[in-house]
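Subject: Structure handover

Hello,

Here is the structure I said I would pass on. My notes on it follow below.

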Amino acid sequence: MPQASSPLILQITTPQGQTAERELAASPAVIGRLPDCDVQLDSQRVSRRHAQLVRDDLGRWLLRDLDSRNHTRVNGEIVAERLLAKDDLIEIGQFQLRVLPLDPEPAKDSPTTAWSAEQPESTDIRTLSSSPAQRLNAWHLTKVNALGQRLAEIPDAGQRLVDSFRYYMAIGL
């Protein structure tokens with residue numbers, strides 16, 4: 001079953017340097033110079049139906065060149081098909097389309113308050129950023145390493161999942 005995914009947001013820069021943002025939710029979305037294209041780029045250097053944006057079953061966006069005359073580039077490289085990531089720069093003719101991040105970046109050190117419901121008389125309120133980091137334990141690293149090696153030997157994905165859960169429960173990681 002396909003996962004729900006966010007729309008794709010493109011920042012389109014014209015050859016004259018004007019910019020506009022375009023949000024695409026429907027898949028597939030065609031980019032080209034025809035008026036009925038989902039993203040119309042009015043230039044003779046852009047094919048009538050130049051490229052297509054397609055959302056895959058995992059909710060990721062792919063860019064496909066539709067056998068355009070002047071090619072499609074992503075980050076300067078000519079592509080036939082490419083999985084898109086934030087900040088990728090798509091070049092079609094003289095137009096630049098930048099993939100914008102969908103969600104704002106989370107704060108680097110956002111304070112999260114922790115308190116105990118079992119001890120309501122406690123007035124000690126701390127944030128996670130003020131707590132010392134937990135030390136890595138060599139025993140845990142050894143066990144995780146052993147689990148990784150064990151799972152690498154199991155060809156069946158379902159069996160890997162079952163065994164990893166059993167192993168996890170047995171050693172209490």
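A nonpolar core here is a set of buried Ala, Val, Leu, Ile, Met, Phe, Trp, Tyr and Cys residues joined through side-chain atoms within 4.5 Å. Please keep in mind that this is a predicted model.

The largest such core has 21 residues, and Leu10, Leu41, Leu53, Ile90 and Leu97 touch the most other members. At least two residues of this core come from each of β1 (8-13), β3 (29-32), β5 (51-55), β6 (61-65), β10 (89-92) and β11 (95-99). Leaving aside neighbours within four places in sequence, Leu41 is in contact with Ile12, Ile31, Gly32, Arg33, Val46, Ile92, Phe95 and Leu97.

Next, the sheet. Five strands form an open sheet with mixed pairing, in the order β4-β3-β5-β6-β9. Its edge strands are β4 (39-40) and β9, each of which pairs on one side only.

At the β4 end, β3 and β4 run parallel and are joined by two bridges. Gln40 in β4 stands opposite Gly32.

β6 is mostly covered, with four of its five residues buried. This strand runs antiparallel to β5, and five bridges join the two; Leu62 in β6 is the bridge partner of Val54. The hairpin of β5 and β6 has five residues between the strands, and Gly59 in this hairpin takes a positive phi near 85°. β6 also pairs with β9 (residues 81-83), again in the antiparallel sense, over three bridges. There, Arg82 in β9 stands opposite Leu63.

Regards

Definitions and conventions. Residues are numbered from 1 along each chain as its sequence is written. This is a predicted model: local features need pLDDT of at least 70, side-chain atom pairs count only at pLDDT 80 or more; totals for chains, interfaces and linings use all residues. Side-chain values use heavy atoms; hydrogens and water are left out. Buried means under 20% relative accessible area, exposed over 50%, partly exposed in between (1.4 Å probe, protein chains only). Contact means heavy atoms within 4.5 Å. Two strands pair if DSSP finds at least two bridges between them.
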